[in-house]
Structure formats: structure tokens, C-alpha cells
Amino acid sequence: MSSFDWSTEPDGVEWAWNAAIDRVLEDPEIRSYYEFETIVLSRARLRTAMHRQPVVTRALDADTVYQQSVKHFGARRDSARQSLRQARERAEFDPLLSWAVTIALVLLFLSAPVGFPWWVNAALGSLFVILLFRSATDVQRRPNLINWLNVAWFASAFVWCAGPAVFYAFLWSRTTLPPRLTPVMRQEITRLLGPRRESLLVFRNHKGLIHAHDPQFWVSSHIEEDLKRKLDQMDGGAIAICGPRGAGKSTLLRKSCEGTLLQSVRSPNFHVVVQTPANYKPEEFLVSLFQQVCVGYLKLYGRRARGPFVFRVRAADVPRRALRYLVDLGYLVLGLAGLFFALRAPVEDLFSWVADAARATFPQLWDVVSNFFVDLWAEHPYVSRAAVVPVSLWLIVYSGIPFWLGRRRHRKLMRRHRKLIADCNSYLHLLRHTQSTSNASTLGLPGIIGITVGGSRTTGLQSRTLSYPELVDHFCDLLTRISLEEKDDAWKVFIGIDELDRLGSAEQARAFLAEVKAIFTVPGVYFVLTVSEDIGAAFVRRGMPSRDITDSSLEDVLYVGRRDLDDARQLLQQRVPGFTDPFVALVHALAGGIPRDLIRYTRKLVELRHRTGDLHLTSLAGRLLLEEIEQALSSFRVLHGELAHSPEMGPRLHTLHVVTNLARQVDVTEEHGRESFQRALSQLATPDTELSQPTDTDTAPGNWKEVASYALFALTLLEVFAHPDFTERAQQQQDFGHPDGDLDVLATIRLEMAISPGSARLMIERFRMAWDLQRHPIPRPS
């Protein structure tokens, strides 16, 4: 492909283009390519590719800044330069004109600095006029004079056009052009690398992995639409979000309570989100929730809870603190005194010198400046006021005070809210403190003849802890009043109860719901809970054959499942821009489509990339899979060490030991090492039918099926992602369209292994058949 002909464009455009290319080549993402691909892709090859005819033409034609500014002023400058050259070729040397020009230059540049007398200036001026008149009246010299006047005219035009042309070209090369060339250079990199481009781990940044809980990296999905639709169809009640751990239940709960479902701007909601640790009792949970609701409502209106105590300093600490501060104060006084006596004389001399100079200079300067502005204000009222008004407005806006005054940090406290504020303070005092009051009275008569008559009475009161029914009644009453007040302002009240799946078993979660379900009936209040899959399954199976507490506690249940490959691609592109599809498929298969694990494995992959400096899918996938396989097999060895097993399991455990050590030592970048490890892992993945039946004293074979299924799954990942021709094989599989060979199936297999190793093994075999990989025997059912 031919290079672009820069002679058709104004001068300086090629320089600006090269300067912009240099800036784009310093981009970290672009630099990552040619730093490691020195043979296929280099800095020189990229620069040559960016000078191709279609690349330059397409970029310049689509750039409006170039067409309107750079090209316009550059063409005018080049036209003036060409006219100047033509006029200079027609002009001839003339001694009279040379002397005239020399005299003119002397008058312009030497007269004032040197201070010529007036008669010298008059003589030089007269001589200049005579020489010019002589050249104009001479018939033979007149055309040459006209030519030199044209030279002067075109020279002035060239200087006039050269300034804007250079300025706009420089500005274009520094600001506008580099952002436009960045995607063009990415396309050229893709063209040069071909299919290998997708197999290189290059990204712009990974801030989304560092700030995993930052809301700006959250990605909306169809699950949010379902939850928003369910909430819009309810006027309060409890709705549960269930799903596997790490599926995003807590994020969905927080977004629903904050009113940011399917939007970035918060809806007007009063919300409280509480966590549920594993050892919470229902009474303790309700007390904690009661306090957080009161504190949250006080904070909504810019109030703080009133404390009942006055903090006092112990008397024993006062002398010690006073002595310490007295010593520090002595050090400070001595230091300041030393500085005062050492610097007193120089400072006084400097002050007197500055004061004398200011007295002599500032009055004169002030008179000049003030008279100028007073005259301008009086003689040009419209111009001066038109200049002062925008400057004044800019100063007001720049101060930021109007925005600070206009921004309400808390909701405006109305008169009708004051009773609720007082009640929240009272409830906080009641829940946090125990109050005791005593009253003593004494009655007596003065002594008469040595006899004194009197009596005394003491009465004591002490607050008691609210019983659980009273606590529920007070909490529901307060929450009902808050809901009614906020409903008048078109606000909603949300209570989020997170981590209910941490209560241990499903029976403990059901018992917890049975205790606290009374608060779910508060009208106008939305309770959003995150529960385990068992609770969600029990709600779905209600009435088959019987109903449990979930049916009477919850209004609806929303299931949050794993993310498919498209959702994973969208999530990772939001968090790691530039993350290509093969790496998305790799971490998606390892994570099983669980968002939390997606982020974890992506962090490991990025850390591995920075640690090794490698970009290729084959080596990065091999290293990551070897680390995961070594950790998983080590955990299986620990598990089997705690179980009872027969002597027949010895060879299998020895094979597990060998494969685990080989995973630590093998170099996956070498083809021989990769193949040897795959053969060893293949032996581990082959099930042993003799061990399929556990004995009374042998509990290990059931877990060994998990080892064999995981080994086959890991072997499949190695053969798929660590293969040098992954991109071509994936494209062939996509063109073929076999459902069992879709890369998304690997994530399904990863989750299926937690339910049934046998079922997962069947799915792996179908996937391997679709990818034309070596099949492994499936154990026959006993």
C-alpha cells in the first residue's frame, strides 16, 4: 500500500501528523504492543502504517478542525509564500532601491534608540524620498519598483498568515489530533497482528479492579429491570433476593435501597441497610435495626443523637497535663524570644527601607491608576459598565458561595417532623441506656427538751428493658409514622437486611424470619432481603406439599443467577477497558459466571501479566491455570488426609501428589512441559471403576469422583485456552454453532461440579466432543 502524498497538503501538516503519532505511541496501551511484539509489530512499522494513503485520507477528511482551521490558514500561508517567490523572481537588484531600503531601516530601528538630531532625521528622510522619487520617475526603473513593492506586500501577507497557520497546526497536533488517531492506531494494530490481536492482554487501566465496590463501575442488567418492576407493583412488604454467593445480591440490594436501579441519579428514598452476622439473635437484631433507623432519620434532617452524659476530666489528670503543657509553653517562649532578638535589627531596617520606598512610589502610582479609571468610568459609562458586569458575575460564580448556599446538605426540617425527631432521640436514649431515679424526703421537728422527732421516706425508679412484643410494637409504630410523613413528600422508605444467608443453615434462617416477620407488615415500607438459595427454593415450592414460613413472610423472591458470557464481557469491559474476548472467556470459565469470582480471577490475571511481562493468551492462561490447579489439588490432598480411606486409595493419592508437585515445577511456556503435565493430569482425570463403591470404613471414593471431574475440567481448560491456535479454533466452533461447544458452557460446568460431579463430567465430555478433544471414559453406574 502506497504512502500518503504530503505534497498535496499545506506545509507543516506532515510535521503535526508525526508529532501526534509520537504522542499516541507513548500511550501505555499502545506502547504495550510494540514493547513485546518486536518482530510482528514495532514502533517503525506502526509509524509506517499510520502514513498509508487510506489511513491519512480517512482521518483528515473526517476532521473538521483540520478542514476549517489548519488547512485553511495553511493554504493561505502557502499561497502567500508562492506569490512571494514569484514576485521575488521578477524583481531585480537596483542600487537606488537598496540605498532607499537601507535608509528606511536606519530611520525605523536606529533613530529612536541612538537619538539622532532632528536635522539628521530630516536629511535621511529627504534622501529616502529623492531615491524613491528617482526610481518612480525613471521609465526603466519603474517596473522593478513595482515588483519590489509586490515583494513587500506578499512578504507582509506571508508573515500575517504564517502566525495563525503555525499556531493552529501546533494546537491541532497537541490536542485534537491525538485522540482521533488513537482508535485509528488500534485498528492498524489489529490489521498488523491479525487474529493474534485478541490473544494479547492489553488494557488501558484496571481501576475497576482496584475499586471493586465503587458504584461507577456497577453494570446494570435485566435482573435490575425485574426487581424495579416488582417494587413498582408493591406498596410495601418484603422481597427477597436469592442466589449463589458472589452473584451480586448485596450490590442489587444496595442499589434498590438507594434508588439507583437502572439509573445513576438517586431517587428520593430514606433507607437503612443493616448486616446480619451469624450469631445475631432476633431480639438483638431488632434493637440494632431500631437504633439505626432512628440514627438514619436524625441524620436525614441534619440532627445528631443527644448524649445523656457530660464528659468530665478526672482530677488526677489535671496537674499532669498542666505540667506537660507548661513545659511545652516554656520551650515555645524561649524559641520565639531568641528569634525576636536575633532578627529584630535586620527586620527593622528592611521595614524602614520598604516603607520609605512605598511612601515615595505608591501615591504617584495610585494617582495615575485612579485617574485613569475615574476618567474611563465618567467618559465611557456604557463600555466600562459592560466590562465590569461580566467580571463581577464571574467572580461571584468563581467564589462558589452561591452554590454552597443553594445546595441543601440535609432535608428541610418542617414543623410536622419535630415530633418524630424528638421520638427518635427518646427511643435512642431508651435503647442505649438504663435510667434510674431516686427520690428521698425527710420530715423532722426540732428538739424539745433534748428529744428529736422525725421520719424519712425514699422512693426509687429504674427503667426496664422492653420485652420483645413491646419492642416490635414501638418499632412498627415509629416506622409507620416515618412512612406516612415521607409519603407526603413523595419519598419511599427502604430497609435493607443483608447477609441472611450467613445464619448457617436454612432452618436457622427460617427461624429468624419467623421471629422478625411481624415488622414486614408495616404499610408503605419496603424490606429488601438477601437470602440463600434454599430459602428461595422453599418459597418457589410453596404448597408442594406444604407451606412454610417463607410463604407468609415474603411477598416475592428474585433469583440472581450466574452471568452469561455477554454479561461477563460487559462487566469486565467496564472495569478493565480493552480486556479482549479470549481472556473474558478464560476468567468466566474459572469463575463459573459469578461476578465476585470474575473480579478475583481478573485481578490474578492482571497481576500475572505485570509480574511476568507477558501478553500472550497461551502463556498467561497456562500460568494462571497451573496456579489454580496446584491450589485446588493441594486442597483435595488436605481433604483426603482428614478422611478414612482403604489401602487401594494409596496409588491414587500418590498420583495426586505427583501431579501437584509437577504443577509447581513445569514451565507451561514450553510445549514439551505443557504436554507432559497434560498427560499426568489425564491420568488423574481417568476414573477408577474399582473405587466407585465405598466400603463401610472408606469415605474417600465419593470425594475422589470430585477430584477426577475437576482434573478433567482443568485438563479441558488447558487444552482449550493454552493451545497456540485458540483464536482459530474458537472461530471455527462459533461458525459451526454447536451448543455443547459454546465457551459459556464451561462456566455452567464449573457450577455443576458443586452439585453433581457425575453430571459435570457428562457435560465436559460433550464439550470435548464438540471441540474434537480426546475423550475420557465415563464411569459406569454401579
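Partly exposed residues are those with a relative accessible area between the buried limit of under 20% and the exposed limit of over 50%. The legends below refer to a predicted model.

**View 1. Salt bridge between Asp566 and Arg569 within helix α22.** The side chains of aspartate 566 and arginine 569 meet at 2.8 Å, N to O. Helix α22 covers residues 565–575, and because the two residues are three apart in this helix, about one helical turn separates them. Arginine 569 is partly exposed, since its relative accessible area is 24%.

**View 2. Salt bridge between Arg600 and Asp597 within helix α24.** The N to O distance is 3.2 Å. Both residues belong to helix α24 (residues 595–612) and are three residues apart, about one turn of the helix. Arginine 600 is partly exposed at 44% relative accessibility, and aspartate 597 is partly exposed at 21%.

**View 3. Salt bridge between Arg664 and Glu630.** The side chains meet at 2.8 Å, N to O. Arginine 664 is in helix α26 (residues 650–665) and glutamate 630 in helix α25 (residues 617–641), so the pair ties together parts 34 residues apart in sequence. Glutamate 630 has a relative accessible area of 17% and is therefore buried.

**View 4. Network of salt bridges.** Asp11, Arg77, Asp78 and Arg81 are linked in this network. The model has 23 salt bridges.

**View 5. Nonpolar patch on the surface.** Leu326, Leu329, Leu332, Val333, Leu336, Leu339, Leu343 and Val347 form the patch, and together have about 770 Å² of accessible area. Leucine 336 lies in helix α14 (residues 317–379). Leucine 336 counts as exposed because its relative accessibility is 52%.

Technical notes:
Residues are numbered from 1 along each chain as its sequence is written. This is a predicted model: local features need pLDDT of at least 70, side-chain atom pairs count only at pLDDT 80 or more; totals for chains, interfaces and linings use all residues. Side-chain values use heavy atoms; hydrogens and water are left out. Patches are made of residues with over 30% relative accessible area and no salt bridge: like charges are joined within 9 Å, nonpolar side chains (Val, Leu, Ile, Met, Phe, Trp, Tyr) within 5 Å. Accessible areas come from the Shrake-Rupley method with a 1.4 Å probe; for residues, only the protein chains shown count as cover. A salt bridge is a side-chain nitrogen of Lys or Arg within 4 Å of a carboxyl oxygen of Asp or Glu. Helices (H or I, at least four residues) and strands (E, at least two) are DSSP runs, numbered from the N terminus. Buried means under 20% relative accessible area, exposed over 50%, partly exposed in between (1.4 Å probe, protein chains only).
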